[in-house]
There are 2 protein chains.
Amino acid sequence: MALAALEQVFEKGQLIFSEGEDCVGFYLVLSGRVKVFKLSAEGKEQILHILGPGEPLGEVAVFSEESFPAGAQAMEKSRLLFFPKDSLVEMIRRDPSVALKMLGVLSKRLRKFTRLIEDLSLKEVPGRLAAYLLEKESSLGGKGNSFSLEIPKAQLASLLGTIPETLSRILARMAAEELIQLNGTRGFRILDHRGLQELAQGSRRLS
Amino acid sequence: MALAALEQVFEKGQLIFSEGEDCVGFYLVLSGRVKVFKLSAEGKEQILHILGPGEPLGEVAVFSEESFPAGAQAMEKSRLLFFPKDSLVEMIRRDPSVALKMLGVLSKRLRKFTRLIEDLSLKEVPGRLAAYLLEKESSLGGKGNSFSLEIPKAQLASLLGTIPETLSRILARMAAEELIQLNGTRGFRILDHRGLQELAQGSRRLS
DNA sequence: CGAATCCTTGAGTTCCCTCAAGAGAAGTGG
DNA sequence: CCACTTCTCTTGAGGGAACTCAAGGATTCG
C-alpha cells in the first residue's frame, strides 16, 4: 500500500481544523507557520504552540482516538502535508523506529506543556516574558545582538497567557529599567541578561 | 534478557524523584497514590497529576533523554514497580504494540495538560472547581449522590492552581448559592448540576 | 495617501494572593 | 476518655497584579 499523503495550502488566517472536530489524520508543516490554540467562552485565546517547517500537527488525536483537543490556524500562507489516520499506523507497522521517534516528539511536547503550566501557574507575566526574550535571543540572534520577533505582539501576548495591553506595559517597564532596548515595533536588544534571568526565575521583580 | 523490574515501597510524603534529576527509568504505580508537581521559587506548588494504581510515572524522561521535568512524591504509602530505562526500549522491540499503547498514554496525558493549560489561562477558579466537582461526582458517586474527596483541600487547591484560602472561600460561596452542599470536611453533594456546568464553561459567575 | 491594523497609554475594577488569627478535626499518649 | 499537640480548614482585612474599557498614536499595506 502506498503511503497516501496530500499536500494542502492554507492562506493566512485560514482554519486548518477546529477544536472538537473529528480527527481524520494529521499534518506535517512544510512551510509557513501554524498556531494551535484554545478559545475561552469570551473569545480570549491561548496559543499552545506555534509550529514551523518539519513539525507535525494533530498527532495527538490519532493515538487517543478522539477529536482534536484544540484548533489550528495558519498564521501566514502555509503548505502542509496531510496524512490520513491509517497511514501513520501503517508506517509504524513497517518501521517500528517511527514509533520511537513519535514517542520522542510527544515527550518533547509534554515537556513544553509542563513548562507552560508552570509559567501560567507559578510565574507572573514579567517572568514569562523575560524567559521568552532570552530564548528568542539565543535562537535568533546570538547573545548581545538585536533580534526581531517573528510574530505580532498580540500573538505573543496570547502565547504568554496575557493580553496586548499588559504586554505593552511590561515591555515599557523593562525598557525603563534598562533591561532591554526597543527598536521599532518588533526589534529588541537585551541589555541586561542577568536581570532578565532573575526575572524569569522569580528572584527579582520590576519596580 | 529478563525484564528486570524492582518493587519499591514509599512512605507517605517520601520523594520518589526530584525535578532535574537524571532519569534512570520509569515506574508503575501498584498501590497508593502519587503526585507529580512543580515548585515555584517561593515554594508554591502546582500539581500536574495524581496517579493511582496501574498508571505509569516518569515515562516522559525515558523517551526524550533528559532529566525529569517535575518532581514526584508519595501522597500515601505506595508500592511502585521500577523499570530501568533500557527495559522499556527492549519491551518495545519485542512487541511493537507496546509502543502504540505508550503513544496512547502520552496522548492522553497531553490532552489532560491541554485542559489544565486552558483552565489556568482562560478560566477563573470557580470554573475550575466546578469542573472538578462535576468530574469527581461522576467518577466517584453517581449523579445526585454525595461523594467524598480523596485528597486534602490543600492538595486540591494546588491541583487547581490556587491556594487553600481561595478554595475555601469559593466553596463557601457555592454553598451559599445552593449549588452544592458541604458535609463535614470532605463530603459533597451537588445540588445544581446545571449551575455548576455554567460556571465551568464560563457562562455564569458567582455573585 | 487613505484605510486598516497594530500598538500604546490611561483610568478604573476585579480577582485572587498575602498575612494573620482562630476554629475544627485528627492523632498521640497518659 | 481526656488533655495535648499537630494538622487542616475557615474567615477577615488589606494589597497587588492583571484585566476591561476607552481613546489616541504608530505602522503597514493597498
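On one side of H6(B), opposite its buried residues, B:Glu165, B:Ala172 and B:Ala176 are exposed. The model discussed here is predicted.

**Geometry of the helix**

- Helix H6 of chain B comprises 13 residues, spanning residues 164-176.
- From first C-alpha to last, H6(B) reaches 18 Å, close to the 18 Å expected at 1.5 Å a residue.
- After H6(B) comes B:Glu178, which has a positive phi, near 55°.

**The buried side of the helix**

- The buried residues in H6(B) include B:Leu167, B:Ile170 and B:Met174.
- Because these residues cover an arc of only 70° around the axis, they lie on the same side of H6(B).
- Among the elements of chain B that cover the buried residues of H6(B) are helix H4 (125-141), helix H5 (153-160) and strand S10 (180-183).

**The contact between chain A and chain B**

- Chain A contributes 37 residues to the contact, and chain B contributes 37 residues.
- On the side of chain B that touches chain A, at least two residues come from each of strand S5 (45-51), helix H1 (59-64) and helix H3 (97-122) of chain B.
- H3(B) gives the most to this side of chain B, with 19 residues.
- Classified by residue type, the side of chain B that touches chain A holds 19 nonpolar, eleven polar and seven charged residues.

How values were computed. Residues numbered from 1 in each chain as written. Chains lettered and ligands numbered in written order. Predicted model: local features only at pLDDT ≥ 70, side-chain atom pairs only at ≥ 80, totals over all residues. Helix = DSSP H or I, 4+ residues; strand = E, 2+ residues; numbered from the N terminus. Expected span 1.5 Å × (residues − 1). Buried ≥ 20, exposed ≤ 12 C-beta atoms within 10 Å, placed from the backbone. Arc of directions from axis to C-beta. Contact = placed C-beta atoms within 7 Å. Nonpolar A, V, L, I, M, F, W, Y, C, P; charged D, E, K, R; others polar.
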